[in-house]
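Me: I would like to go through this model with you and ask, term by term, on what grounds each label was given.

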Amino acid sequence: MPTREEMAKNRFLKPIAHRFLTPELWRFTRRSVPRGVALGLFAAFIVPIGQIFLAAFLALPARANVPLSALVTFVTNPFTLPFWLIIANKTGRLVLNIDAAMGAGAGQLADDGGALARWLEVGGVTAFGFLVLAIVSAAVGYLLSSFIWRIVIARRRTKRLARMEARLDERLRERGE
């Protein structure tokens, strides 16, 4: 995970490095965390190379958490790529419903197109599946991280209030009340 200073020294980011150094982009707040997760997931599925830089660039105008958006892009990596290719292809086929739309006669024409036509069909379906995965995962990631953030903060607040109550009870017992 690149640090704030490493990202500022990067030659591609140098022209806008002053923006990366603003502290609000590196804080974990209830608004910046879900934005960072959503942008990271979107960048992870939409671009095969340079996902971290895309997530960082998108985080600037959205005021999202930059390190979190960069970290979430690792959902797609060289080890998980075959899995995501299969999922994207199946998602693309499901959304486009190619088999039902082609019908019986159209299938024979596609077979006559040769291997290139089949590869283009599979590639197009998979690319569309990645687009669908990018949009859906960003929306689900935003909602899920927002929900988890609220639960974590509520638990912290409950614990803090319980500690405060215990201290108050202890002080009252010391006074003899």
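**Grounds for the labels**

Reply: Let us begin with helix H3, whose buried residues are Ser 32, Val 33, Pro 34, Gly 36, Val 37, Ala 38, Leu 39, Gly 40, Leu 41, Ala 43, Ala 44 and Phe 45; please keep in mind that the model is predicted.

Me: What makes H3 mostly covered?

Reply: Buried means under 20% relative accessible area, and twelve of the 15 residues of H3 are buried. In the protein chain, buried residues make up 29% of the 177 residues.

Me: Why is Lys 159 called exposed?

Reply: The label exposed asks for a relative accessible area over 50%, and Lys 159 has 56%, so Lys 159 is exposed. This residue lies in helix H8, which covers residues 115–175, and Lys 159 gathers with Arg 155, Arg 157, Arg 160, Arg 163, Arg 167, Arg 171 and Arg 175 in a patch of positive charge on the surface.

Me: How do you know that the span of H8 agrees with its number of residues?

Reply: At 1.5 Å a residue, the 61 residues of H8 should span 90 Å, and because the end C-alpha atoms are 87 Å apart, the two values agree. After H8 comes Gly 176, with a positive phi near 85 degrees.

Me: Which residues of H8 are buried?

Reply: The buried residues of H8 include Val 125, Phe 130, Leu 133 and Ser 146.

Me: How many helices and strands does the protein chain have?

Reply: The protein chain has eight helices and zero strands, and along the sequence its pattern reads α-α-α-α-α-α-α-α.

Notes: Residues are numbered from 1 along each chain as its sequence is written. This is a predicted model: local features need pLDDT of at least 70, side-chain atom pairs count only at pLDDT 80 or more; totals for chains, interfaces and linings use all residues. Side-chain values use heavy atoms; hydrogens and water are left out. Patches are made of residues with over 30% relative accessible area and no salt bridge: like charges are joined within 9 Å, nonpolar side chains (Val, Leu, Ile, Met, Phe, Trp, Tyr) within 5 Å. Accessible areas come from the Shrake-Rupley method with a 1.4 Å probe; for residues, only the protein chains shown count as cover. A salt bridge is a side-chain nitrogen of Lys or Arg within 4 Å of a carboxyl oxygen of Asp or Glu. Lys and Arg count as positive and Asp and Glu as negative; His and the chain ends are not counted. The place of a charge is taken as NZ of Lys, CZ of Arg, CG of Asp or CD of Glu. Helices (H or I, at least four residues) and strands (E, at least two) are DSSP runs, numbered from the N terminus. Buried means under 20% relative accessible area, exposed over 50%, partly exposed in between (1.4 Å probe, protein chains only). The expected span of a helix is 1.5 Å times one less than its number of residues.
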